[in-house]
Amino acid sequence: MNALKRNLKELGKYPSAIGGGIIILFLVFLAVYAIVTIPYNEAIRLWRGGEEIWGDNPRIVPPAWTNIFRKVKQPETIVRDSRDPADVTSKTVTEISEDMWDVVMTFDFDYDYDAFPQELNVFMNATFVEKGPFVSMFWITPDGREIRLGEVTAKRSETYRFVQDERLLRRLKGVEPQIALFADPDKETPTVLKGKYQLKIAAVTFEAGSDLEAKFVAYGTVHGMAGTDHRRRDLTIALLWGTPIALSFGLLAALGTSVITMAIAAIGVWFGGVIDELIQRITQINILLPTLPILIMVGTFQSRSIWVILGWIILLNLFGGAIIGFRAVFLQIKEAPYIEAARSYGASSWRIIFRYLVPRIIPVLIPNLVNGIPAFVFLEASLALLGLGDPVLPTWGKLIDDARSNGALYNAQYYWVMEPAVLLMLAGLGFAMMGFALDRIFNPRLREV
Amino acid sequence: MTEAALPVPSGVETSKTQPSRNSTLKLMRYIAIKLISLFVAVTIGVYLTILIANMGGYVDEILKGQIRETISVSIGMDPTKKNLTMEERNQLINDLVALEEHRLGLDQPFLVRSFRFLGRALTLNLGRAQRMASDSGSKLVRNIILERLPPTLLLMGTSSMLLFFVTLFIALFLSRNYGSLLDKLVIALSPTSAAPAWFYGIFLLLLFAAVLGWLPFGGMVDAPPPESPINYGLSLARHLILPVIAWLISGFFAGVYGYRTFFLIFSMEDYVELARAKGLTSREIERRYVLRPTLPNIITNFALTVIGLWNGATILETVFNWPGIGRLIYQAVGLYDSPVIIGTTVINAYLLAVTVFLLDFIYALVDPRVRVGSGGPRS
């Protein structure tokens, strides 16, 4: 045990161990942060959610911080909701006649970006018994022009999409509304007119107690910390939650395979004879089994849950190639005098195996284990890339798969591939660097060179 | 994995002079034992794959369901069958389903079929695909696989050969200049090999295909394939560049580091010191005293690369749309085409077995311990 402590202290002398340690700590911090801020079920609910959760997000846009490097500042999403008092500039209700009321609300917002928004929508919720309110909308530009938008008779839940309004499109001379409404009329090429815009929504209600709530969304072309995907989902959730999943998957798989493999090797070496021979034969067969095709079959036919896959990985690696290496070390240890001593005082076989043989192999086991983690982290991503990612959990591999299958590489949406890829690379590098240093510490032969 | 599987390096025992006939006999016996045990291993491996590929009868259920659905729909759409009563129609559907199930052998118990599968698989009589077909239209699994084998061999052969020789020579160079800046750089970069080839493939695609537009996104040749052989070859080479580089990057640094370390460990042995003291040239020392004893390790390493290659191909080929075995198995799984899945797996197992056998054979040739019959490589 003391030797182990001394060895761990020695880690500090290796730059790669320090670098790897920092990366691993960072990832662990990220994982803990993800679990604490977004509970497991919440993460799954969010990731599987559709328009009702992500309706206010733009579709496939890069993260907001990319604006720092851009000359043309891209807009962020602007949301104005009449249910939030801070958003509404004014809301008045005036009685026109006995059974008609005029509800007028205005939303103000500043537009200081150099590019046009992606899309403009107004979501309306009307309360009424028989006859829904009649809504007309107006757009007031910073230079004082008032542009009439569309008119709708609001249903209980109504969405007015600017682009789909044919009459508005004709009025704007065929220029798409998200451009025409923000463009400077004096410029030949569409240029954003910066300043304070106003959206006026005027509704005529026909019942006492009938009311209208409206939400205006100007979808930006950048969003949040990590951008969004084709289903408007915020990638931050998948990036954050991918961390604990990748770490636990890699660690469990590496731990499961190396510890069990080691135990099997120890048993084989200690008992020798038929058992050892059998274990060696099974190892030989196991090496011939095509691991990845089998995992693909499991993913397709049985279950794509990463925990089922994890079980199969451990099962397929029980008698893996690592047994050969462990066996060689155990064969040496078995001849050591203290084992002879243990045998002479009458220790049982199991006591010798687990109290004397196994602890001695920990120096071989630890680098093996740490070096094994990246392989499993990437294996999970590989399976996701083949479309066999976990159906409910957000993982890094699934992000890359989503990006690839939606043509992110062809459409220059590089952030979508790069973000999960960089995290994967970090995880791989962190453990590989740590394992590299551990290898040198525990194998003095390597240290000389 | 790679390093753990290597035999613990030790000084090589020089073989004692023995009658050569005796040693040939030992070699033959050694090879015969290896062949038999490998064959047993392949048989069990293939049978396990058949069991797993069936997933406890689940695949049969899927297939039966699909058969029933296709037949029901085709009869429902058939105008000549309009006038049949409900009963007659159900009878007809049941008959056709039974016929189709009989054709696919689904009416027999799985245990019987599994052994028939095994017998056929081992004799490479791989049967007919249920859904897939080769580009030339053949339904025979063997033809489908034979059509996909050359692209895989081309891609993986080129990659692994390049990787092997490049890493070996650079490792030799570094072991001569050990401690140099380049040496330290390679060591520092060796953790980058933790990422698999497809991962670098995506980066390369992003950079060279998407941003710069220099190289194609994937596939094996341009579409339509060029007419003249020269242009065809050039197009092939252009499509090869990115996957090969991806494979090289992912294997390069760890490979160089591994070989270099071996060379250094072996060049510190006493007999090398002695050779140096005798005044032999460094080239001669390298060839006779460093390369020779490390040869078994180098060969093991190479064989492990080749074995890893059969697994690595699946995803690399999928990422680069390379029409090889790896992509074939991925497509076959998507179509639940179990004959193709089992067929590719059998071929895979055979290729692995051949690799392992060749490894053992070459071992026997280069490692004197095997020839004198003192245990062989797995000591």
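Of the contacts in chain A with a separation of 6 or more, 74% link residues 24 or more positions apart, a contact being a pair of residues whose C-beta atoms, placed from the backbone, lie within 7 Å. Buried residues make up 42% of the 449 residues in this chain; a residue is termed buried if 20 or more other C-beta atoms lie within 10 Å of its own, exposed if 12 or fewer do, and partly exposed in between, with C-beta atoms again placed from the backbone. The structure is a predicted model, in which local features need pLDDT of at least 70 and side-chain atom pairs count only at pLDDT 80 or more, while totals for chains, interfaces and linings use all residues. Residues are numbered from 1 along each chain as its sequence is written, and chains are lettered from A and ligands numbered from 1 in the order in which they are written.

The secondary structure of chain A comprises 17 helices and 9 strands, where helices (H or I, at least four residues) and strands (E, at least two) are DSSP runs numbered from the N terminus. The radius of gyration of chain A is 32 Å, well over the 22 Å given by the globule rule for 449 residues, so the chain is more spread out than a compact globule. This radius is taken over C-alpha atoms, and the globule rule is 2.2 Å times the number of residues to the power 0.38. Along the principal axes, the C-alpha atoms of chain A fill a box of roughly 105 × 45 × 35 Å. Chain A is assigned domain 1 (2-46 + 233-446) and domain 2 (64-219), with bounds that come from an automatic or database domain assignment. The centres of these two domains of chain A, taken over C-alpha atoms, are separated by 54 Å.

Several strands of chain A are paired, pairing being defined by at least two bridges found by DSSP between two strands. Strand 2 (residues 90-97) and strand 3 (residues 100-111) of chain A are antiparallel and share 7 bridges; a hairpin of 2 residues joins them. Within this pairing, Thr92(A) lies opposite Val104(A) of strand 3. Strand 3 of chain A also runs antiparallel to strand 8 (residues 195-205) of chain A, with 11 bridges between them, and Met105(A) stands opposite Ile201(A) of strand 8.

Strand 4 (residues 119-127) of chain A has a covered face formed by Leu120(A), Val122(A), Met124(A) and Ala126(A). The uncovered face of strand 4 consists of Glu119(A), Asn121(A), Phe123(A), Asn125(A) and Thr127(A). Antiparallel pairing joins strand 4 of chain A to strand 9 of chain A over 9 bridges, and Ala126(A) has Leu212(A) as its bridge partner in strand 9. Strand 4 of chain A is likewise antiparallel to strand 7 (residues 157-161) of chain A, over 5 bridges; the partner of Phe123(A) in strand 7 is Thr159(A).

Asp211(A) belongs to strand 9 (residues 211-219) of chain A and counts as partly exposed, with 17 C-beta neighbours inside 10 Å. Apart from neighbours within four places in sequence, Asp211(A) contacts Val103(A), Thr127(A) and Thr205(A). Asp211(A) and Val103(A) are 108 residues apart in sequence, yet their C-alpha atoms are 7.7 Å apart in space.

The contact between the chains takes 49 residues from chain B and 42 residues from chain A. On the side of chain B that touches chain A, at least two residues each come from several helices, including helix 2 (58-77), helix 8 (229-266) and helix 10 (282-319) of chain B. Helix 1 of chain B supplies the largest share of this side, 8 residues. By class, the side of chain B that touches chain A has 36 nonpolar, 12 polar and 1 charged residues. In this classification, Ala, Val, Leu, Ile, Met, Phe, Trp, Tyr, Cys and Pro are nonpolar, Asp, Glu, Lys and Arg are charged, and the others, Gly among them, are polar.

Elsewhere in chain B, Thr123(B) lies in the loop between helix 4 (110-122) and helix 5 (141-176). Thr123(B) is exposed, with 8 other C-beta atoms within 10 Å.

The model scores ipTM 0.79 and pTM 0.81. Chain A has an average pLDDT of 86, and 98% of its residues score at least 70; pLDDT is the predictor's confidence in each residue, from 0 to 100. For chain B the mean pLDDT is 78, with 89% of residues reaching 70 or more. Over residues 1-18 of chain B, pLDDT stays under 50.

Note on methods. Contact = placed C-beta atoms within 7 Å.
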